[in-house]
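Notebook open, model loaded. I'll jot down what I looked up, in the order I got to it.

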Amino acid sequence: MKRLLSIVIWVAVALLGAGALGAIAFNRGEPLNAMWFVLAAVCSYAVAYRLYSAFLAARLLVLDETRATPAERRDDGRDFVPTNKWVLFGHHFAAIAGPGPLVGPTLAAQFGYLPGTLWLIAGAALAGCVQDFIILFCSMRRDGKSLGEMAREEVSRRGGFLAQLAVLAIMVILLGVVALVIVNALKSSPWATFTLAMTIPIALLLGVYLRFVRPGRVLEASLIGVGLILFVVVAGQWVAESPAWAKVFTLGGLSLATALIVYAFAASALPVWLLLAPRDYLSAFIKAGAVICLAAGILLVRPHVLMPPLTRFVDGTGPVFAGKIFPFCFITIACGAISGFHSLISSGTTPKMILRESHARFIGYGAMLLESFVGVMAMVAACAMPPGVYFAINSPASIVGGTPEAAAATISSWGFPLAAGTMTDLAHKVGELTLLNRAGGAPSLAVGMAQIFSNTIGGDRLLSIWYHFAIMFEALFILTVLDAGTRVGRFMIQELGGRVWKPFGRTSWMPGILISSAIIVAMWGYFLYQGVVDPLGGINSLWPLFGISNQLLAAVALVVATTVLLKMGRLRWIWVTLLPTAWLVTITMTASYQKIFDANPRIGFLSFANVMAAQIAAGKIPAAKIVETQRIIFNQRLDAGVTAVLALMVMVLIVEALVQWYSILSRRREPVLHESPYVATQWAPDFSGAAHGDD
Amino acid sequence: MRRASRITPRFLRRFWRGLRDWCGDSAYERYLRSTSAKSGASRTLTAEEFYVERLDRHYSRPNRCC
């Protein structure tokens, strides 16, 4: 009877999800209510979790409850800490959820709401969650080994080295792009710049408190910090209204880029307890709070989605970024559907803290479903504003024009009506000088979130506070990615350099710290710089480059997972990882080819460089601008080279894996799994991590 | 009603403990209870030493994603 009831409930959930998906896919009339999106996503996730992840856990991976995890066998209270599954879910989610699932869907909304939403849901269920879950499983069975180590052991030595290089390259591109998103959000905005600048002294204050006053009392320190941050969000308005102070905090793109580079260098070289860690604590609390508020706001306000399901820009002529729906929708969405970067977290801290093998399903598969849901909410927030406003915020001046009148005329001519005064009024309401040409996704998401929040609490009166709260929330945790990423990049460079000259590899040697910090900052700083001076707005070039590199890393992770599954004798179910790998290789290689060679100068790096070079040769560029143009040409060729090298590295790794697969399948070589030996758990079946003396 | 009054404090206690575990507030207490600290094989760290050492290790590998 119970079983029958369960079947009836799950059939009802599946039908409800299918109905909601049908409604958002086939709606062509009145604007849809956002609840259809929530319903479609939640029901799809529930069915995917109940059925597909259960199949992966039981049939593919055969999770073993009797097997002791690394956290039990090596419990040292430092790295290996047996952790309750809900707490570890929170840890894992806080680590994987960054700006990607917010910015990616916002940018992809230029194709309309439908392609992005479908890919967010299907991509997560069939690819992203699968990758996170299986890599977590593999690392858990290998005492928490990293992706690079697993690639070296299970695929080949060269494969491991290539994976390590790919991680460093992706880190550099990621940091450059997210820094550009902050620059575009803070440009000419004294309120937002002041708020973010004040988070530095607040973090320093907390750092000293946590180190000397109350060591390790993270909760009370974070609550004090969150209170101070909310205060500076409000205080930012007073700064923006004071002509003298507003001038101090009104910065252009290059000044902001320089400030970020200096900040990240300092955060990387200074002791971690002073600046980096306290900022991370603040960011985690603000992030959790803002995501919960956004979900609650969408449920309470239930806004209508005004963006059409498909726009004319599926043909590749989009103003936010150029390129057809295939492959660029999949490249742009990135982290909300599948993110290679997650495999670094799934093979980092999480596998060392997992209490039972069965928890890997909830943490690996479940946390990625939640991240995908954050992506769907970002899509709703971006599509709930009038499409004309969305395009005015996200399009560069070189396409829509730099004045409100020119932008309104161009965008209206695309079929998205926009009055010239609308953007000026909106900018005034949110306390900004202008909202035009703010490509990067952060300002438009902040406008979307602010409208949802202000419809819940405060109305138009609080719109500006909510907008700046949303900007602060995005900028704060992007800055956390920036400083934590710079520090990790520094360690990677020291490790690589240490192979050539040993002292360089010592992480406590001050010249090594300073030189490696300078190298990593210079590397991503250059990408940031080229984004700031790019006439097409930077995001057009750099976000696809980031998407390609992130998805290439996902392909690397899935190749490692496929190799492990083959060695485990799971040939029958190998399509679970092989199909997502094939899809990722197809979209990344197509996108890489188009970004390098496409004849359209807005898509192809080389053709854009050639157009600029031809303009110099034809004497169309004024003498004063020739050096700047030559730099742009160099940047485009550099981007083409970076894309080609990344694609080539992954192709070499795939060939290495294919050789390995062939030798396993043809039985030329006995497959050797590098799992840790089986040890039976000593814990009672109902042990949940709470009975460690404190329950 | 009686059931609710019994369940609510338990839920709040668990939530509070989960929150402390999640943000790292109880990390030192956890360390003191760990097998290696209890075994006495190496010197037990003070709260301050443990805090700094834990952060140094935590932020030397990818821990925040895109």
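I walked chain B from the N terminus and got α-α-α-α. That is four helices and zero strands in chain B, taking helices as DSSP runs of H or I with at least four residues and strands as runs of E with at least two, numbered from the N terminus.

Housekeeping: this is a predicted model, where local features need pLDDT of at least 70, side-chain atom pairs count only at pLDDT 80 or more, and totals for chains, interfaces and linings use all residues. Residues are numbered from 1 along each chain as its sequence is written, with chains lettered from A and ligands numbered from 1 in the order in which they are written.

Next I checked the dimensions of chain B. Its C-alpha trace spans about 50 × 40 × 20 Å along the principal axes.

Then I turned to the contact between the chains. Chain A gives 52 residues and chain B gives 34, two residues being in contact if their C-beta atoms, placed from the backbone, lie within 7 Å. On the side of chain A that touches chain B, helix 22 of chain A brings the largest share, seven residues. I sorted that side of chain A into 26 nonpolar, 18 polar and eight charged residues (Ala, Val, Leu, Ile, Met, Phe, Trp, Tyr, Cys and Pro count as nonpolar, Asp, Glu, Lys and Arg as charged, and the others, Gly among them, as polar).
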